Amino acid sequence: MPIDLTEYKEVIDGALANGTPCVVATASARGEPNISLRGSTMVFDAQHLAYWDRAHGRQQEHVGENPHVVVFYRDPPRRISWRLYGQATVHAGGPIREQVMARAVAPELNRDPERKGVAVVIRVDLVMTLGGQVLQRREQQPETPERTFNIFEAVYTARSIRRFRPDAVPDEMVHRILEAAIQAPNGTNAQSWRFVVVRDPALRRELGALYRQGFREVYPADRLANESDPNRRRVMRSAYHLAEHMGSEPPVLVLACIERGPNTAATRGAGASIYPAVQNLLLAARALGLGACLTTLHLRREAQVKALLGIPEHVDTYALIPLGYPASPHGPLRRRPVAEVTYRDRWASASLQKQ
Ligand SMILES: Cc1cc2nc3c(=O)[nH]c(=O)nc-3n(C[C@H](O)[C@H](O)[C@H](O)COP(=O)(O)O)c2cc1C
């Protein structure tokens, strides 16, 4: 379904005059939300909305670090409620800024007599009603790291994704993600990492079944039922979902391994030479709009996993990573603050606070 905003133009361009200005919601890279009225919101062209941001304020900072925004328009008498989701770009100078300024409604521009503001242009990817009906959706969201992502945005939003859409993930994408993975630091640059990319449906099914067996040993069915903490319950529900669907939902399973020398044991150092690559993989997947999750419970069936995939004795497996387009959104992570987990100079002395 292509995006074509021309049918919204009259309504959105006249929103302020109609007394129903658009609302724009943003979030910082850390997920701190913000919301504001944007009286100058206009349909810029068939694919883009735009507005004049005279504030130089918090919202623009948000858009600079996290381009994901949603614009909300509601006109109850006309039974209109639209949510337009997209990616925002700030134009602090140049011809686009001039064009947006020239078309912004007078009441908004008059409040910025020195024209200190910036133009914000939003490429719309999805239009939904308030009730959740999809009106328009961009077929393939070309979310490329070059265009939109900085490292902090990827780091702060690469949450574990355990529910996947069935859409295929092209080989080139997987290749690109693995290329990012193997830029990671590793002991003596020996690059002993090996990755098995499993796409074959029958193998995925068997691998998924082995993961599920391992998962159920640690998390029997009653564990979820007995969990009362709502946050832990939410994480657990998603972990159970993944365990049930590991072999069917994600179109790609990546097994991250280390090849040891013969007759040497797996060491902590070996783990330190594969998990940085796994983290690079997770971030690269995030930057390309894919979801992933670091999992390890296949280790409870490692011998069977190795036999299934023909992995030799002197290779150890470290992580099984489902990869695919997310069915649940990326977003902010829940972490304790630095000050709670960091000491200055000596263990348990004053915690590290911002200076
Ligand atoms: C060493 C390690 C093992 C993990 N194993 C699993 C696993 O077997 N299954 C799973 O669903 N998630 C697993 N996770 C993901 C964690 O549950 C997840 O990172 C944590 O809950 C934080 O959630 P977030 O990444 O969404 O912020 C593992 C993470 C790590 C670092």
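The secondary structure of the protein chain, in this predicted model, comes to 14 helices and 12 strands. Along its principal axes, the C-alpha trace spans about 75 × 50 × 45 Å. Of the 355 residues in the chain, 32% are buried. Among contacts with a separation of 6 or more, 76% are between residues 24 or more positions apart.

Two sets of paired strands can be described. Strands S1 and S2 pair in the antiparallel sense over 6 bridges, and threonine 26 stands opposite asparagine 34 in S2. These two strands form a hairpin with 5 residues between them. In the turn, glycine 31 has a positive phi of about 95°.

Strand S11 is joined to S12 by 2 bridges, and the two run antiparallel. Across this pair, alanine 292 stands opposite leucine 323 in S12.

The strands named above have these residue ranges:

| Strand | Residues |
|---|---|
| S1 | 22–27 |
| S2 | 33–38 |
| S10 | 252–259 |
| S12 | 315–324 |

Which residues have the most contacts inside the largest nonpolar core? They are Ala256, Leu281, Ala292 and Ile321, in a core of 41 residues. The elements giving two or more residues to this core are helices H7 (171–181), H8 (201–218), H10 (230–245) and H12 (275–287), together with strands S10 and S12. Helix H12 gives the most, with 8 residues. Leaving aside residues up to four places away in sequence, isoleucine 321 touches Val254, Ala256, Val278, Leu281, Ala292, Cys293, Leu294 and Thr295. A second, separate core has 28 residues, including Phe44, Val118, Val120 and Ile122.

The model also holds a ligand. Around the ligand are Arg159, Ser160, Arg162, Val235, Ala239, Leu242, Cys293, Leu294, Thr295, Thr296, Leu297 and Leu333. By class, this shell has 7 nonpolar, 3 polar and 2 charged residues. Cys293, Leu294 and Thr295 belong to the surroundings of the ligand and are also among the residues that isoleucine 321 touches.

Methods
Residues are numbered from 1 along each chain as its sequence is written. This is a predicted model: local features need pLDDT of at least 70, side-chain atom pairs count only at pLDDT 80 or more; totals for chains, interfaces and linings use all residues. A residue is near a molecule or strand if its C-beta atom, placed from the backbone, lies within 6 Å of it. Ala, Val, Leu, Ile, Met, Phe, Trp, Tyr, Cys and Pro count as nonpolar, Asp, Glu, Lys and Arg as charged, and the others, Gly among them, as polar. Two strands pair if DSSP finds at least two bridges between them. Helices (H or I, at least four residues) and strands (E, at least two) are DSSP runs, numbered from the N terminus. A residue is buried if 20 or more other C-beta atoms lie within 10 Å of its own, exposed if 12 or fewer, and partly exposed in between; C-beta atoms are placed from the backbone. Two residues are in contact if their C-beta atoms, placed from the backbone, lie within 7 Å. A nonpolar core is a set of buried Ala, Val, Leu, Ile, Met, Phe, Trp, Tyr and Cys residues joined through C-beta atoms within 7 Å.
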